[in-house]
Amino acid sequence: MFHNGKELLQRCEENSMPIWDVMLHYEMQMSPRSKEEIWKMLDERLQVMFDSVDSAIQNPELSPSGMVGKSTPLLAAAVRDYKKMEKELLLNEACIRAMLGAVATGENNARMGVILAFPTAGAAGVLPGVIYGAKHKLDLTRDQMVQMMLTASAIGIVIANTATLSGAAGGCQAEVGSATAMAAAALTEVRGKSPETTLHAAALALKNMIGLACDPIGGLVEVPCIKRNGIGAVFAMSASDMAYLGVESFVPFDEVVRAMREVGDLMSPKIRETALGGLAMTPTGQAVAERMGLLHIGENPCSK
Amino acid sequence: MSTFSLFDIAGPIMVGPSSSHTAGAAKIGQFARAIFDATPTKVHFLLHGSFGEVYKGHATDRALLGGVMKFAPNDARIKTAFELAREKGLDYVFEPGNLGAQHHPNTVRITLECEDRKMEIIGSSIGGGNIVMTQINGFDVHLTGNSAEQYFTLVVENENRPGMLAKVTGFLGDKDIRIVNMQSCYLAFENKVLSVLSIETPLTLTDLLDLEKVEGILFARSLSKIAA
């Protein structure tokens, strides 16, 4: 068992295991499910992530609010024609693919498609984004992608234990912020780096997201959530590359998670999923909320 | 300190967009349908609090209606619940209203009707896809559920006589199925006992039918995918 990053590293050291394997054994201890059953459940969830991305690419559709649904085709076109566009675009193909995977997942969620909430519905794009993005570049096998899900989940459990994964409790830093930390760790470990380096990647990613408000227009999981997942996936890749090159987080991962929680506690409820502050209160945001009949969402203390 | 499972983080698989307003709503609908134990021809939803205010934007209406048609929170058919209900001849009405301050803001009162019966059930979606059923035909109950498919939900109703729960748990034990959680409540108006069990592996359709054959068991329903 482990509750925080320090204990996670101890378990890795004691058992000479990578984080993903410690996570797998943690789950085997928690439930009487066999290794094979757990692996099969993860593999099914990996397929849900891919199906969700493919579904939005093959059948793009506006969400009922009309705010989102147009980005997937644009990013999909860039991936399809990457060779032609390479000279104009700043990011490499893996990054563009990661943005596509993340945004497609979010747009599929908004139009009532089936998604994997990993770790939440609002932050569900980052993990499929980085897996979809890195798959070709790193030539990942199916088993390696399942290992990435395990590494990411270990980071998610540490954050859930120490802070929160809920936007209503901790703002978006707890949702997309946590997802980028999970994704950065997954990308780092799957490239063969040590558990220590993997936690540095998670810390670098989470530090970058500290303070992020949860201010969705009309309380819908659309704006800014979906494109934030897309850019979050690229953040995760940056943090992972930094750690891969040996850059360390000056503040250890556990302390970063505690700081994230403290910042969440300091946040006004207006920017914790109530749609009473930030982007939700812009004239553009208010116009959409009024049109959708969602103006009063924040007045209800439990609608967060 | 709560102990999180791997699948609390990597899951649930759900129809978007919201765990509390969509996935939880579908689960409440599923519960109501299981407890009603008949095919409804009419269903009325009184949407209380936040449910009444934002149900359109979060597709709470389609999710509730889909649940009443037995769709699980990860069933893609939720998206077309209105069309499917019309095809099935199920009349539905959604009405925002106020059930009183004692209820959680994400609460719905579902009134199900068929030719010879009518039932009122109240349930709340309390966050992250977790739900609680709080009233059946005016009687207070407390039955909880989760829209995640990590465990499998079994709803069993039996006659109010001694030894019935032992029969249910014994049946599951014989099938080598572990029970993760179990809650029972006495339904005074019908002199019956309703139980909700979370089990670790799914039952097959044959198992469910066998369980219903046990003397004193009135019905057994799975709210999760059944085993092949």
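The contact between the two chains takes 46 residues from chain A and 35 residues from chain B, contact meaning heavy atoms within 4.5 Å. In this predicted model, local features need pLDDT of at least 70 and side-chain atom pairs count only at pLDDT 80 or more, while totals for chains, interfaces and linings use all residues. Residues are numbered from 1 along each chain as its sequence is written, chains are lettered from A in the order in which they are written, and side-chain values use heavy atoms, with hydrogens and water left out.

The size of an interface is often given as the accessible area lost when the parts come together. Chain A and chain B bury about 3,400 Å² between them, 66% of it on carbon and sulfur atoms; buried area is the accessible area (1.4 Å probe) that two parts lose on being put together, summed over both. On the chain A side, A:Arg33, A:Arg45 and A:Met112 lose the most area to chain B, together 19% of what that side buries.

One salt bridge is counted between chain A and chain B, the term requiring a side-chain nitrogen of Lys or Arg within 4 Å of a carboxyl oxygen of Asp or Glu. B:Lys79 and A:Glu61 form a salt bridge in which the closest N and O atoms are 2.7 Å apart.

The elements that give two or more residues to the chain A side are helix 2 (19-30), helix 3 (35-58), helix 6 (93-110), strand 1 (114-116) and helix 8 (142-162). Helices (H or I, at least four residues) and strands (E, at least two) are DSSP runs, numbered from the N terminus. Helix 8 of chain A gives the most, with six residues.

Strand 1 of chain A pairs with strand 1 (residues 13-15) of chain B in the antiparallel sense over three bridges; pairing requires that DSSP finds at least two bridges between the strands. A:Ile115 has B:Met14 as its bridge partner.

In chain B, B:Asp37 is a residue other than glycine with a positive phi, near 55 degrees. B:Asp37 is in the loop between helix 2 and strand 2 (42-48) and, at 24% relative accessibility, counts as partly exposed. Buried means under 20% relative accessible area, exposed over 50%, and partly exposed in between (1.4 Å probe, protein chains only).
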